[in-house]
Structure formats: C-alpha cells, structure tokens
Amino acid sequence: MSWQNERIDMNVYSQGEVDRWVYSTCNLCSVGCGCEIAVKDEQIVGIRGNGKHSINRGRLGPKGENQWQANSSPDRLLSPLIRNDLGELVPASWDEAMDLIVNKMKETIEKKGPNGIAIYSTGQAFLEDYYTIAKVGRAAIGTHLLDANTRLCTATTEFCLLQSFGADGAPASYEDIDETETLMLFGHNVAETGTVLHERIMDRKARIGKPYIIAVDPRRTLTVRGADLHLQLRPGTNVPLLNGLLRLMLENGAADEEFIANYTIGFDDMRGALEEWTPERTSEVTGIPVDTLLEAGRVLSETPTLVTTTLQGAFQSADATTACVAINNMHLARGLIGKPGSGPLHMAGQPSSSANRTVGGVGTYPANRNPMNPQHLQEMADLWNVEESLFPAGPEKGIEEQLEMIEQDQIDVFWNIGTNPLVSLPNRKRAKAALEKVFVIMQDHFLTETSKVADVVLPAAMWGEKEGTMENADRRINLLRKAVNPPEGVRTDLDILIDFSKRMDFRDKDGQPLIGYSTPEEAFEEWKTVSRGRPSDMTGMTYDLLEKHNGLRWPATAERPEGTVRLYEDFKFPTSTDYAQSYTKNQFTGRALTRAEYEEKQADGRAIFHATRYNPPSEQPGGDFPMWLTTGRLVWHWHTRTKTGRSPYLQAAAPHGYVEVNETDAAKLGIVEGEVIRIVSPRGRIEVPAKIGDAVQPGLVFVPFHFGSWESNQAANDLTADFVDPLSKQPTFKQSACRIEKLRKQHLVAGGETVGYIADKYDMSVDDLLRVNKLDTPYGIQTGQHLEIPISMINVPIQPYSPQRTDFKKTPIEE
C-alpha cells in the first residue's frame with residue numbers, strides 16, 4: 001500500500017453532532033474512494049473519507065468532498081413530468097407517466113420491432129441497475145440497442161482488452177502503481193480527473209523517488225508538472241509515438257523472447273508495422289524531439305516494471321483502440337504483465353462504467369459473454385429461462401450509430417437514464433435534431449439540457465438515497481449503503497425498471513415474472529449466478545463481505561475469496577474460441593471477424609499481438625479552420641455539471657467556460673487575457689473568454705466541455721466532430737479543426753484622449769489596450785484614429801488547485 005497514514009478529509013454542515021455515519025463510496029470518478037455519509041434529521045449533511053479503505057485512506061478530492069450538496073438542491077425533480085399538447089413539461093402522477101411509457105413501448109414493438117427501442121444509460125448508476133437494464137433490454141424487449149455514455153468516455157478500454165487478451169477487465173491494479181518503477185500516464189490527466197489517485201502516486205514519489213513518471217499529453221497539465229518526462233505530442237499522433245517507442249525498445253534488445261514465444265501470437269506481424277517509425281520519422285510526425293524520444297525509449301527498455309495508464313487523451317482520439325492495443329503490445333513484448341508492478345491499466349472515467357460493461361447494460365453480454373457465440377447466447381437463455389431465439393446477436397450499435405438509425409426513422413423510443421447527451425455528445429446540434437424526432441424518456445435528478453427534447457421525465461434517486469454496488473477502474477466492487485430515503489415522489493432507478501417490467505408483464509418460459517427480485521441485494525445475488533465461471537466471476541462476494549473488506553476485485557470466488565489484485569499471473573489469457581468474449585475485429589477497418597477467422601489465429605489461451613498502423617484524424621486543420629481544437633475536464637467539475645454545478649464551492653471555483661490559447665498565438669492575433677473570442681468549427685461556434693499561457697502548444701486550443709446550456713453559447717460540443725474510432729465507436733473529441741475570430745468594436749479617438757483614458761473607459765488595462773491594437777507604446781495615438789476594443793472582457797476565476805497536499809519534492813519538469 002502506498003499510503004503511510006490516514007488523513008480523514010471531511011466536509012460537513014450540521015447544527016450540532018450528526019446522527020449517524022453511513023458506509024458508502026464516492027460516486028464521481030472511477031478511482032472508487034471509500035467514504036461515509038453524514039446524516040442529521042434524516043438529511044444528508046456531509047461526507048468524510050474512510051480511513052480504512054486502501055484506495056484513499058480517508059482522502060477525498062474536491063468533487064467528492066462536495067458531491068452531497070446536490071442532493072438538497074432546491075430544483076430537485078420531485079414528480080414525473082409529461083409534455084402536454086402545448087409543448088410544456090407539466091407534473092404528472094407515476095401511473096400517468098408509466099402508462100404513457102408502456103403504451104408507447106408496446107406500440108413501437110408492434111410497429112418497428114424490438115430494435116425500435118434504444119436504452120442509453122450512464123456510468124454513475126449501480127451494477128444492479130445495469131444488470132436489470134441488460135435483462136429487461138435483451139430478455140424482455142429483445143433490443144440490441146443498449147448503450148451508455150461510457151461510449152463517450154472509456155469504450156476503448158473494453159475493445160483494446162478484447163483485441164489483446166480476449167476479455168474485458170483491467171490487467172493491472174492500483175497496487176501495481178504502488179510497486180512499479182516506471183509509470184506512463186498516456187493521455188491521462190490524473191491530477192484533475194482522479195485527484196486522490198494522483199496524490200497516492202506523488203506521495204510515494206516524495207518518499208522514495210519512485211515511480212519515474214512519463215506523461216504523454218499535448219497540453220502542459222497539472223499532471224505533466226509532476227512528471228519526470230513530458231512527451232508533448234501533436235494531436236492525433238498517439239499511434240506513431242507508440243510505434244516509434246516500441247521500435248526503440250526492440251532495437252535496444254528489451255524484448256522478452258521467452259515470454260513472446262510461450263504466451264503470445266502475432267509478434268512478427270506486429271514488428272513489421274514498426275519498420276517505418278524511426279526516431280526521425282516519429283519526431284517529424286509527433287513533433288517530439290528525437291533526443292526526448294530516445295530518452296523515453298531508454299527508460300521503457302531498461303525499467304524492470306512498468307504500469308501504463310490511459311484515459312480520454314487516448315480513448316477520444318483517432319485510432320483510439322489501435323493506440324491502446326499498441327500499449328498492450330508494449331507490455332507483451334517486454335513480458336510486463338501479470339507481475340507485481342506491471343501491466344496496462346486502461347482506466348474508466350465514471351465511477352461505475354466498468355460495471356456497466358461487466359454485467360451487460362451496454363453493448364456487451366453479461367459476464368464477458370460473446371454475442372457472436374451461440375453457446376454463450378444459450379447459456380444466457382438458460383440462466384434467464386427465456387428462449388434463446390429472442391436474443392439479438394452480432395456487433396453492438398453505439399450511440400453515434402443509433403443517432404443515424406433515428407435519422408433513418410428506424411428508432412421511435414429513446415430511454416435516457418442518468419446522462420445528459422445534449423451536452424456530452426459531439427456535434428450536439430445534430431444530436432438534438434435527431435432526438436427531437438423520437439419519443440424521449442428522461443430519467444434524472446434535475447431538468448438538464450436534454451429535457452428540451454424529453455416527452456416524459458422520471459425523477460430518480462441520487463447517491464446516498466439508494467443501495468447497491470459499483471465497479472471502479474481496477475475491477476474493485478465497492479458497496480454503497482443507503483443513508484436516507486429519497487424525497488417523496490422520487491424512485492430509484494432499480495425500482496423504476498422493476499415497475500416497468502411488471503407493467504409490461506414480462507415473463508420467463510415458465511410464466512413467472514422475468515424480474516424475480518425486488519431489492520438491490522437480491523439483484524446482486526442473481527447476477528453472481530450469471531457470473532459463475534466467467535472472467536468476472538463474483539460468486540465469492542456478498543454485500544457484507546464487500547463492506548468488511550472495503551471492496552473486492554473480481555474474480556472473487558470461494559476458492560479465491562480475497563479477490564484478485566492483477567489478472568494473468570499464470571500468463572493464461574481468455575482467448576480460446578469457446579471462452580473468449582470476442583472473436584476480435586480487424587485492427588484497421590473495425591470489421592468483426594467470424595468464428596472461423598478467429599479460430600485460424602489459434603490463440604488458445606495466448607495473448608494476441610496486433611499490427612498497429614497509423615490512420616490520421618479524419619479532420620485536419622487547414623483553410624478556414626487552421627487550428628486544432630481539443631476538449632477535456634477540469635478538476636472542479638464532473639461531466640455536464642448536473643451535480644457539481646449545484647455545489648456552491650465548485651461552482652464558485654469554476655463558474656464559466658473558457659478557451660486556452662497559447663501565448664504565441666495570442667500575441668499574433670492581439671488577443672488578451674479574459675477577452676471574449678469566438679471559436680468556430682465546421683459544425684458551430686461558441687463565444688468564451690480566453691485564458692492565455694503555455695498550457696497548450698501553438699496551433700492548439702482547449703475548451704472544457706462541462707459548460708453546455710443552450711442559452712450561454714459555451715458548449716464545446718457545438719464544435720466537436722462526430723467521427724468515431726472504427727473499433728470502439730468512441731467519438732474523437734480530442735481532434736477537431738477550428739479558427740479563432742476576434743469580437744471587436746471600434747473606438748474613434750477624440751481630441752485630448754489618451755490611451756490611459758480610453759483604457760479606463762472600457763475597464764481595460766493600458767497594456768491590454770496596447771496588445772489588442774498591437775501598439776508598442778501608449779504615445780502617438782492620433783485624433784480620428786480607430787482603436788479596436790473587445791466587445792466583452794470576463795474574468796475567468798478558475799481557482800488554482802494543488803492536486804496534492806504534501807510538501808513534495810519538485811520533479812525535473814517543475815524545476
């Protein structure tokens with residue numbers, strides 16, 4: 001364990017002592033920090049970290065410390081809403097809302113069949129909710145259109161693991177980060193997206209000087225400032241960089257030839273794809289100096305242990321799955337997997353997006369089963385006691401493909417559970433136009449931007465108001481106990497799904513109700529049976545054991561009740577034809593391979609190398625759009641701010657959208673700090689204040705995607721392209737083309753006016769007025785001269801945040 005001691009972070013607002021503390025887990029990112037909820041007079045009044053939980057030893061990030069405040073927000077939804085004939089959402093009873101939904105569902109199934117219905121869920125719900133979505137969606141409705149906002153966040157995790165290892169599930173764990181000599185953070189701004197994990201890393205580094213940290217990111221982030229080596233690559237060049245590094249490693253003689261020969265296939269084909277990626281060629285494409293590449297290659301060749309983490313910088317890029325497979329190739333080539341301190345740790349973004357994949361609430365089938373394998377479909381039919389012929393088979397359909405189906409009038413009902421797609425989807429105006437064509441059910445805690453297209457709104461319970469489990473990024477299943485009842489008129493997601501199933505009268509082959517459980521714990525017990533014998537076997541878990549041990553990592557069985565720290569310690573991989581979760585896809589085109597094509601590989605328990613070829617982003621800067629646009633998150637907010645925007649502290653820390661512009665670009669354009677500028681892409685435009693510095697490289701701008709109200713014109717996803725990775729179907733938010741437009745008015749200099757006078761008149765500094773007009777001195781302006789004045793200046797008070805609270809030694813980058 002990295003932590004040497006406990007530190008109990010706490011945020012409580014209570015008159016007098018709280019009545020009780022309730023065991024739970026943070027519900028805001030995939031780190032999975034243990035916590036306790038403060039309850040006073042049957043209201044949630046605060047939170048504190050769980051000092052005994054090995055993930056965090058009591059520490060909480062700023063979002064986690066403030067998440068409870070949204071529960072008591074005065075704009076909570078407290079009753080269902082139905083859109084009336086005037087186009088207004090008006091209160092309705094639960095019977096009225098559910099009857100309308102049931103009638104629309106039955107009408108759609110009769111008219112267009114089961115695939116006329118799509119269910120789009122979240123990464124912040126509970127395993128038991130996702131399992132019920134899987135069962136209702138596949139075994140009752142019979143739709144193949146199950147997806148979640150995990151498609152936007154970390155779908156690539158799943159697909160790169162299927163390609164290389166045969167099944168989903170992160171091979172390494174946080175404990176490997178505690179032991180590794182070298183940590184490569186690839187497109188993973190952990191200081192802002194997983195603050196407690198970053199503090200855990202830096203706490204160890206302060207004590208013993210390890211791990212050596214390589215940060216790969218086009219931006220100079222908080223994470224980069226704590227690294228030893230920064231590989232500042234150009235957008236869309238992840239694959240060239242990785243191919244170049246792996247070529248260097250092989251040239252340095254770092255390959256573990258015995259491991260490759262005994263436990264892998266496909267090495268020679270993979271190596272052939274590296275030939276063109278000399279250090280010079282890699283430098284030319286990525287923009288990273290040759291000397292820096294050579295140093296990175298040396299470290300990666302010599303390190304005895306290596307953990308590589310990935311997040312949106314890898315997942316939301318062109319060739320996302322190919323880049324992550326290249327990382328898997330790197331670990332396989334060195335035999336650095338299944339060993340303490342080693343392995344790829346492809347992260348999850350949301351607190352339980354991994355559980356959604358594991359239990360089949362998205363495109364996957366439950367417990368790592370293969371929808372192309374008739375044997376696996378029959379297993380599920382037997383477990384659920386339904387006809388196997390009911391199940392849809394074949395490749396899944398991601399949200400972008402579902403939008404195309406809506407545009408083609410193939411879908412009539414879109415059930416949106418716990419997510420806000422009309423802020424989070426790329427090219428969101430296109431998404432809004434599509435969703436306006438269908439019947440939208442919105443299940444949420446608040447009215448959001450997506451409520452603009454909702455026909456029915458169902459108020460759902462929040463964190464602390466329900467019980468269940470979540471799976472964090474390293475396969476740990478954590479328990480969340482119910483602290484208080486939800487407000488009157490509000491129901492849990494699980495209760496809504498069970499009620500829907502009853503009203504639809506879904507039954508199994510014996511005429512019994514398809515959903516035979518009524519509580520989260522009963523749902524978990526049924527799920528355990530489904531998981532038996534599969535990679536994600538959880539038969540050794542119970543709610544009480546999860547609380548006793550502060551979570552357990554799957555597989556956890558009667559034979560291995562303590563769970564599994566890391567996968568593949570025996571170097572046996574789930575790639576045999578009858579057991580694998582996938583027959584894999586063509587690494588370049590994304591076409592799903594047939595069973596016969598997969599059998600020809602003869603993987604038979606060995607990991608699979610894939611050739612990783614460079615496919616540049618579909619959209620490139622040029623012409624009217626000469627700059628790169630990238631998007632991402634801030635330490636202060638989560639996704640679309642549905643919850644964090646209702647915390648006074650977090651909202652005050654980052655109340656407004658903005659755009660980061662490199663100081664060189666700003667000087668060329670005459671843009672000054674806080675000036676509202678227009679960012680234009682082929683899809684839309686936004687107007688936000690500029691933050692100027694060296695966080696982004698020249699030619700690149702960064703816009704946080706949290707701010708997306710229809711009125712404020714700050715939504716990054718008005719700009720982003722909706723191209724997707726060919727394998728994971730994850731949108732490439734990180735690479736779009738754009739341009740900057742200045743928004744100026746003219747001031748006609750009158751007689752006697754000075755630069756100082758004019759600056760005061762427009763609440764500007766003299767220096768800013770000079771920069772805007774590219775003047776060297778405040779002297780020499782002439783009567784009748786026109787000066788440019790920004791139409792608006794907005795202070796962007798993004799509160800500085802130190803991602804660690806210890807006096808750490810400075811890294812070479814910080815020095």
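R57 is buried, its relative accessible area being 15%; in this scheme, buried means under 20% relative accessible area, exposed over 50%, and partly exposed in between, with a 1.4 Å probe and protein chains only. The residue is placed in the loop between β4 (43-49) and α1 (62-66), where helices (H or I, at least four residues) and strands (E, at least two) are DSSP runs numbered from the N terminus. The phi angle of R57 is near 45°, a positive value in a residue other than glycine. The model is predicted, so local features need pLDDT of at least 70 and side-chain atom pairs count only at pLDDT 80 or more, while totals for chains, interfaces and linings use all residues. Residues are numbered from 1 along each chain as its sequence is written, and side-chain values use heavy atoms, with hydrogens and water left out.

A positive phi, near 55°, is also found at D763, a residue other than glycine. D763 lies in the loop between α28 (755-761) and α29 (766-772). With 71% relative accessibility, D763 counts as exposed, whereas R57 is buried.

Cis peptide bonds were identified as well. One joins K210 and P211, with omega of about 5°; P211 belongs to the loop between α8 (195-208) and β10 (212-216). Another joins W554 and P555, with omega of about -5°, and P555 is located in the loop between β20 (552-553) and α25 (595-601).

The loop between α14 (290-302) and β13 (306-310) contains T303. This threonine, T303, counts as buried because its relative accessibility is 5%. When residues up to four places away in sequence are not counted, T303 touches E181, T182, R334 and L336, contact being defined as heavy atoms within 4.5 Å. The side chains of T303 and T182 are joined by a polar contact of 2.8 Å. A polar contact is a pair of N or O atoms within 3.5 Å; within protein, one must be able to donate a hydrogen and the other to accept it, and residues adjacent in sequence count only if both atoms are side-chain atoms.

Aromatic pairs number 19 in the structure. Rings of Phe, Tyr and Trp (its six-membered ring) pair if their centres lie within 6.5 Å; planes under 30 degrees apart count as stacked, over 60 as edge-to-face and the rest as tilted. F267 and F609 form an edge-to-face pair, at 5.3 Å centre to centre and with 70° between the planes. This pair links distant parts of the chain, 342 residues apart: F267 is in helix α12 (residues 267-272), and F609 is in the loop between β21 (607-608) and β22 (627-632). Both partners are buried, F267 with a relative accessible area of 13% and F609 with 4%. W415 and F500 likewise form an edge-to-face pair, with 5.0 Å from centre to centre and 75° between the planes. Here, too, distant parts of the chain are linked, W415 lying in strand β15 (residues 413-417) and F500 in helix α22 (residues 493-504), 85 residues apart. W415 is buried at a relative accessible area of 1%, as is F500 at 0%.

A charge sits over a ring if NZ of Lys or CZ of Arg is within 6 Å of the ring centre and within 35 degrees of the ring normal. R428 lies over the face of W710, at 3.8 Å from the ring centre. R475 is positioned over the face of W554, at 5.8 Å from the ring centre; W554 is also joined to P555 by a cis peptide bond.
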